[in-house]
Amino acid sequence: MNDPRRYVVIGGGLAGLASAVWLAEAGKQVTLLERRGRLGGRTHALEVPTLRDVPDNGQHVIASGYDHLFRYLESVGTRRFVKFPNEGVLRWPDGRHTTMGTKGLQALRTLFGAHPDASPANRIRAAVATLRMGWECLNQPADLADISTEQWFQRLGMPATAREALWDWLALGIAAEPVRQESAKVFADVMATGIRLGIKHRRPATIGYPTVDLDTLFVTGAREVFQRYGVRVAHRAVARRILIEEGAVTGVLMADGDVVPADAVVCAVPNSNIGGLLDLLPEHDEIYSAADKLGYTPIVSTNLYLDRPLGTKSEFEALIGGQGVIDEVFDRQRMHGRSTEHGWLYCLTTSGAYEQIHKPHDEVVAEQMALLRRYYPAAREAEVLHAQVVPMPRATFSQVVGTAGLRPAQRTSVPTLVLAGDWTSTDWSATMESAAQSAARAVELLLKLPAAPVPSTA
Ligand SMILES: Cc1cc2nc3c(=O)[nH]c(=O)nc-3n(C[C@H](O)[C@H](O)[C@H](O)COP(=O)(O)OP(=O)(O)OC[C@H]3O[C@@H](n4cnc5c(N)ncnc54)[C@H](O)[C@@H]3O)c2cc1C
């Protein structure tokens, strides 16, 4: 029987795109409302018109356990654009570097401390602490939600060398917060997810990357799906309030006063934009309060076009011993096989960028070049041909101590209204996989609704 329901998805980021694609695949009538003039939300390509180039708003890496994201990529036909290299590089300011393996013995060596200064005794201590950490991820002590990841590492006896060469920056990468303020429980939960998926897939989690820009990866294929299934996409369509009458969704009130009729809604906006939309939902106060308490963490991305190659050894390299924030260098030549006609493009990501976020762009570029000069001899004479700084003050919701357990479920008290978005409750931290998993859960709830009566045409 045909489903006469009108499904409306609010928000055209990954969670909204995946929801709309999967509802359309299930044969539903779908309208997607996006307040901006483009789709993709926080994952999108950014044009540099003078160079006719499209670097991304920020480098996005992909873990091998991103099962829901891969399902989305299969749906939009771009799964082939994700690559998993066998190794990455850790680099120190004195030019030393070491390889992080993701397979076999080399993976174990990385896990137990790949620091060049680690003594054999040090490595044994790291191995013991790592095994204890794995055990505590799966059997969590009751106080993990009350302590920072740094306090947990100290309690586990994790040696400084192993923290520097792996755990501190991995924790920062997972929750985009410095370990001294990140919630140990958030980190442990994601690690537990990684361990379970590793057991399920019979291989350890590894880190991969897109070989194309983010629009090609996420948006182009989605548009093709929308065209195939007749999904209506409204750009510059700002939703104000979801209308609910007698326990069921009836429509979406737009900022211009129009009402988009709806029988079911996926609300896939970030915590920063949820205010007002759920006013008619009985539990809105609780959700708004959680959205506020989760807060935000800043990321600054810098796309640097240089006049020469840096001499990287791998597609992405982590710079160790930086300023207490993650600094990662992504070599887009190696990753995308791009031409160097406009220079060599390196994308730098600074997570937990509480200081950088307020700095003028010129200062950020100067600082990033100074950083590269400390780590790469070839950068000392390099000139910047073009630079693009992308500050994202609200890059993701924050996962500091005290935020565990705040994220709302996809299910609400109104069966025809579901929530999605990376900040809703999932097995992951603020990631693309969290966005995709939230969409899978939201769509599943809607697809389980009892059949709606088909209006009579007589
Ligand atoms: C710089 C940076 C680097 C990152 N790196 C990684 C990484 O390496 N790996 C990883 O897994 N994740 C990474 N992330 C996180 C990842 O990008 C996000 O978790 C994910 O994209 C969130 O998707 P979403 O759909 O939940 O939210 P969004 O992408 O924010 O989508 C929400 C959409 O809703 C729209 N919207 C909001 N309000 C309204 C309204 N009232 N009406 C209509 N539309 C509305 C917005 O315009 C937006 O398009 C990174 C994020 C940033 C910013």
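In this predicted model, an oxygen atom of the ligand lies 2.6 Å from an N or O atom in the side chain of glutamate 34, a polar contact in the sense of a pair of N or O atoms within 3.5 Å. The ligand is surrounded by 35 residues, the closest being Glu34, Arg42, Val61, Tyr66 and Asp422; a residue is counted here if one of its heavy atoms lies within 4 Å of the ligand.

Residues are numbered from 1 along each chain as its sequence is written. As the model is predicted, local features need pLDDT of at least 70 and side-chain atom pairs count only at pLDDT 80 or more, while totals for chains, interfaces and linings use all residues; side-chain values use heavy atoms, with hydrogens and water left out.

Now to the helices (DSSP runs of H or I, at least four residues, numbered from the N terminus). Helix α1 (residues 14-25) and helix α2 (residues 67-76) have axes that come within 10 Å and cross at roughly 55 degrees. Axes are lines fitted to C-alpha atoms over the stretch in contact, with angles from 0 to 180 degrees between N-to-C directions. The pair α1 and α2 is therefore oblique (angles under 35 degrees count as roughly parallel, over 145 as roughly antiparallel, 65 to 115 as roughly perpendicular and the rest as oblique). On the α1 side, the contact (heavy atoms within 4.5 Å) involves Leu14, Leu17, Ala18, Val21, Trp22 and Glu25, and on the α2 side His68, Leu69, Arg71, Tyr72, Ser75 and Val76.

Helix α2 also meets helix α8 (residues 214-229), the axes coming within 8 Å and crossing at roughly 50 degrees. This makes α2 oblique to α8. From α2, Leu69, Tyr72, Leu73, Ser75 and Val76 take part, facing Leu217, Phe218, Gly221, Ala222 and Val225 of α8.

Elsewhere, helix α4 (residues 120-138) packs against helix α7 (residues 184-201) at about 95 degrees, with the axes 8 Å apart. The two, α4 and α7, are thus roughly perpendicular. In this pairing, Met133, Gly134, Cys137 and Leu138 of α4 meet Phe187, Ala188, Met191, Ala192, Ile195 and Arg196 of α7.

Key:
A polar contact is a pair of N or O atoms within 3.5 Å; within protein, one must be able to donate a hydrogen and the other to accept it, and residues adjacent in sequence count only if both atoms are side-chain atoms.
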